[in-house]
Amino acid sequence: MKGLFIAATLACGFLVPSVASAKSGAEISEWSKTYASGNVNHPDYGLYLGYVIGAVDAMDGILFCAPASVTYKQAAMMLAQHLEKNPSQWDMPGAFILGDTMKQVFPCADDKMLPNLKRSR
């Protein structure tokens, strides 16, 4: 019985689309439009904000060095504005676009790499 339950659980997992995958700038741009509209009840709002939070946490202090005062919402709006102004980049992975956007605004000085890991926002 336990084996049947495990098999059924695994089978169901393959039927559900995965959100934790590389997303293109075009997909992220669609999510960002919902985020910018402020419609917190739409699934894309949470997908976008969650994507930004994960990418910022993964790259801050490594690729860019945002001050502790920068919030996830500010990073989300920066990316949304960048995507709106640069549709030619939509074929790139969303994380690359976010990293490049943040790096342009918050570059790391060589001696300041990795100072802000594990900070709260």
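Colleague: In which helix does His82 lie, and is His82 buried or exposed?

Modeller: His82 lies in helix H4, where helices (H or I, at least four residues) and strands (E, at least two) are DSSP runs, numbered from the N terminus. Burial is read from relative accessible area: under 20% is buried, over 50% is exposed, and partly exposed is in between (1.4 Å probe, protein chains only). His82, with a relative accessible area of 12%, is therefore buried. This is a predicted model, in which local features need pLDDT of at least 70 and side-chain atom pairs count only at pLDDT 80 or more, while totals for chains, interfaces and linings use all residues. Residues are numbered from 1 along each chain as its sequence is written, and side-chain values use heavy atoms, with hydrogens and water left out.

Colleague: Which residues does His82 touch, not counting residues up to four places away in sequence?

Modeller: A contact means heavy atoms within 4.5 Å. With residues up to four places away in sequence not counted, His82 touches Gln89, Ile97 and Thr101. Ile97 and Thr101 are among the buried residues of H5, and the cover over the buried residues of H5 includes helix H2 (25-37), helix H3 (43-59) and helix H4 (72-85).

Colleague: At what angle do H4 and H5 pack, and how far apart are their axes?

Modeller: Two packed helices are described by the angle between their axes and the distance between the axes. Axes are lines fitted to C-alpha atoms, for helices over the stretch in contact, and angles run from 0 to 180 degrees between N-to-C directions. H4 and H5 pack at about 105°, with their axes 10 Å apart. Angles under 35 degrees count as roughly parallel, over 145 as roughly antiparallel, 65 to 115 as roughly perpendicular and the rest as oblique, and H4 and H5 are therefore roughly perpendicular to each other. On the H4 side, Ala75, Met78, Leu79, His82 and Leu83 meet Ile97, Leu98, Thr101, Met102 and Val105 of H5. By class, this contact of H4 with H5 has eight nonpolar, two polar and no charged residues; Ala, Val, Leu, Ile, Met, Phe, Trp, Tyr, Cys and Pro count as nonpolar, Asp, Glu, Lys and Arg as charged, and the others, Gly among them, as polar.

Colleague: How do the axes of H2 and H3 cross, and which residues meet there?

Modeller: The axes of H2 and H3 come within 8 Å and cross at roughly 115°, and these two helices are therefore roughly perpendicular to each other. Ile28, Trp31, Ser32, Thr34 and Tyr35 in H2 meet Asp44, Tyr45, Leu47, Tyr48, Leu49 and Tyr51 in H3. Eight nonpolar, two polar and one charged residues make up the contact of H2 with H3 by class. The buried residues of H2 include Ile28, Trp31 and Tyr35, and what covers the buried residues of H2 includes H3, H4 and H5. Just after H2, Gly38 takes a positive phi of about 80°.

Colleague: What is the place of Leu63, and which residues does Leu63 touch?

Modeller: Leu63 is in the loop between H3 and H4, and its relative accessible area of 32% makes Leu63 partly exposed. Leaving aside residues up to four places away in sequence, Leu63 touches Gly99, Lys103 and Cys108. From C-alpha to C-alpha, Leu63 and Asp100 are 8.3 Å apart in space, although 37 residues apart in sequence.

Colleague: How many helices and strands does the secondary structure of the protein chain come to?

Modeller: The protein chain has five helices and zero strands. Buried residues make up 34% of its 121 residues, and residues 24 or more positions apart account for 70% of the contacts with a separation of 6 or more.
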